[in-house]
Amino acid sequence: MTARRPIVRVGGRDQQLPVGDTLDLPLATTAGPGLMAAADKAKLDVSVGQNLLINGDFSVNQRGYAGAALPAGAYGYDRWGAYNGGVTYSVSDGTVTLSSGVLCQVIESPKIAGQLVTLSLDNPSATLTVTLGNGSGASSVSGTISPGAGRRAVSLVVPAGVTGDLKVRIAGPGSFSRVKLELGPVATRYFDGVQVDRCLRYFTRFDAPLIPMSGFTDGAAFYLPFTVQMRTAPAGATNITDANFSIEANVSAGKWGIQMAGVAVVTKTGTVNVQIGFPTRLGACVFLFGATFSRTSDLFVGATGILVTFDAELTCTD
């Protein structure tokens, strides 16, 4: 079937749109419906304006950050770290209150040097300064978002020299929510969906219980596979120590022990040493050694408080 050109009214008469001409159709806006229903425009916005930031709604908090002061380079909510000088902020029902310092997220090699981007957020309570790039001078660019209700934005050109990872910084003080960075001069509707899997590339944690890979009389070894391949071989940490080993039948929170079906089946002689070894992007091992156990299978930890973490975050300072 031959494609049909649209019918337009020219000089009071209906005719087909001439070959080579174009027709601009106004979309619905907050000021008027245009030629597309507002509901259809909202659906269209979902498919455009990909958010280059991860966890822009601050819904993922694997580290359990509760709002204390963070030193420079430290991370609180997933993907959001403290820039030079540190930061103090808190999050309540998705609203971020930035008390002091500068929040920073590092976008992994976005390849958008020299391009126009727009950072938008909801309901800023005060003027916020947005900076893209490294340090100051030619390697960065800054703009401000004025306070007010609804979606507020600033458009900036990413410095041409920033060809690797891109730091996105927000300075207050002030409150805001639902941060989005996208290509182009227009702030489109915020929609990110589930963010956990995207966060796991940079940080992941394991809570109780742990399942042993193998055991022996003077220790045990556990393999922890990552559900998402991490950015690089991560740094591991754990709060499993000799001090919180327990021989309780039902291990209490914050402790760990070797048991079966709720009955303690192990005694320990000596001091437990803990080492995280052979980390790769796919998983890592945890070794417990230096003490003698009467049993080395079926290792569980307390219901809360015991964890193993793996960090592959990017550096958020200059």
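Colleague: Is R151 buried, partly exposed or exposed?

Modeller: In this predicted model, R151 counts as partly exposed because its relative accessibility is 27%, between the 20% and 50% limits. D122 has a relative accessibility of 10% and therefore counts as buried.

Colleague: What joins R151 to D122?

Modeller: As a general idea, side chains of opposite charge can pair when their charged atoms come close. Here R151 and D122 form a salt bridge, with 2.8 Å between the closest N and O atoms. R151 belongs to strand β8 (residues 151–157) and D122 to strand β5 (residues 116–122), so the pair ties together parts 29 residues apart in sequence.

Colleague: Which residues make up the network of salt bridges that includes this pair?

Modeller: The network links D122, R151 and R178. For the structure, the count of salt bridges comes to nine.

Colleague: Which residue forms a salt bridge with E313, and how far apart are the closest N and O atoms?

Modeller: The partner of E313 is R79, and the closest N and O atoms are 2.8 Å apart. This pair links distant parts of the chain: E313 is in the segment after β20, whereas R79 is in the loop between α1 and β3, 234 residues apart. E313 is buried, with a relative accessible area of 12%, and R79 is buried as well, at 2%.

Colleague: What does the side chain of R63 meet in a salt bridge?

Modeller: The side chain of R63 meets that of D311, with an N to O distance of 3.8 Å. The two residues are 248 residues apart: R63 lies in the loop between α1 (38–46) and β3 (81–92), and D311 lies in strand β20. R63 is partly exposed, at a relative accessible area of 23%; D311 is likewise partly exposed, at 31%.

Colleague: How many bridges join β11 to β20?

Modeller: Five bridges join β11 to β20 (residues 307–311), and the two strands run antiparallel. Within β20, F310 stands opposite T204.

Colleague: Let us turn to a loop residue. Where is R281 found, and is R281 buried or exposed, or does it fall in between?

Modeller: R281 is found in the loop between β17 (268–277) and β18 (283–293). Its relative accessible area is 31%, so R281 is partly exposed.

Colleague: Which residues does R281 touch, leaving aside those up to four places away in sequence?

Modeller: R281 touches R201, F226, V228, Q229, M230, R231, T232 and A233.

Colleague: How far apart are R281 and P225, in sequence and in space?

Modeller: They are 56 residues apart in sequence, while their C-alpha atoms are 9.3 Å apart in space.

Definitions and conventions:
Residues are numbered from 1 along each chain as its sequence is written. This is a predicted model: local features need pLDDT of at least 70, side-chain atom pairs count only at pLDDT 80 or more; totals for chains, interfaces and linings use all residues. Side-chain values use heavy atoms; hydrogens and water are left out. Two strands pair if DSSP finds at least two bridges between them. Helices (H or I, at least four residues) and strands (E, at least two) are DSSP runs, numbered from the N terminus. A salt bridge is a side-chain nitrogen of Lys or Arg within 4 Å of a carboxyl oxygen of Asp or Glu. Buried means under 20% relative accessible area, exposed over 50%, partly exposed in between (1.4 Å probe, protein chains only). Contact means heavy atoms within 4.5 Å.
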